[in-house]
Amino acid sequence: QVQLVESGGGLVQPGGSLRLSCTASGRIFSIGAMNWYRQAPGKERDVVATITSGGSTNYADSVKGRFTISRDNAKNTVYLQMNSLKPEDTAAYYCNADVTYYSGYSSSRYRDIYWGQGTQVTVSS
C-alpha cells in the first residue's frame, strides 16, 4: 500500500559528490521520521542519517560534516547529499520512513515502517 523508491546511486571517484533521493508513494496520511541506512557486503546495516517530521537531524560520526539529510514534505521525499566521498562509503544505501496511511473504505489509520529496495553507491578511482 506504501512504496519507497530510492534513486541517485552510482560510481564516483574519491572526493566526489552524489545526491540520493527516496520518494514515498501510496495512500499516505503523514510521514514521521525518514532515515538513511547503508550496508556493505558481509556487514551490518547501520544508520547514516535521520530526520524527524519537524526537521531535526542526526548523523553517524563517520559521515558528520560530509553528508546532509533533508526532506521535502510536499513531495514525500527525503534526500541525502554526500560530499567528500571516501572508498569506505561504498555500500548499498536504503531509505526508510515511519508512514501513517489510510484505507479509502474506512476512517482507520495505520502506521508502519517501510523500506526502499536500496541503491548502490561505489566510491573508487
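**Strand pairing and salt bridges in a predicted model**

Strand β2 (residues 10-12) pairs with β11 in the parallel sense over three bridges, where two strands pair if DSSP finds at least two bridges between them, and strands (E, at least two residues) are DSSP runs numbered from the N terminus. This is a predicted model, in which local features need pLDDT of at least 70 and side-chain atom pairs count only at pLDDT 80 or more, while totals for chains, interfaces and linings use all residues. Residues are numbered from 1 along each chain as its sequence is written, and side-chain values use heavy atoms, with hydrogens and water left out.

Q: Which residue in β11 is the bridge partner of V12?
A: Strand β2 (residues 10-12) and β11 pair in the parallel sense. Within β11, the residue that partners V12 is V123.

Q: In which sense do β9 and β11 pair, parallel or antiparallel?
A: A91 stands opposite V121 in β11. Over three bridges, the pairing of β9 with β11 is antiparallel.

Q: How many residues apart are R38 and D89, whose side chains meet in a salt bridge?
A: A salt bridge is a side-chain nitrogen of Lys or Arg within 4 Å of a carboxyl oxygen of Asp or Glu, and the side chains of R38 and D89 meet in one at 2.9 Å, N to O. The pair links distant parts of the chain, with R38 in strand β4 (residues 28-39) and D89 in the loop between β8 (77-82) and β9 (91-102), and the separation is 51 residues.

Q: Which residue is linked with R38 and D89 in a network of salt bridges?
A: R38 and D89 are both buried. The network of salt bridges that links these two also includes R66.

Q: Why does the salt bridge of R111 with D98 tie together separate parts of the sequence, and how far apart are they?
A: The closest N and O atoms of R111 and D98 are 2.6 Å apart. R111 is exposed at a relative accessible area of 63%, whereas D98 counts as buried at 13%. Because R111 lies in strand β10 (residues 109-115) and D98 in strand β9, the pair ties together parts whose separation in sequence is 13 residues.

Methods: Helix = DSSP H or I, 4+ residues; strand = E, 2+ residues; numbered from the N terminus. Buried < 20%, exposed > 50% of the residue type's maximum accessible area, 1.4 Å probe, protein only.
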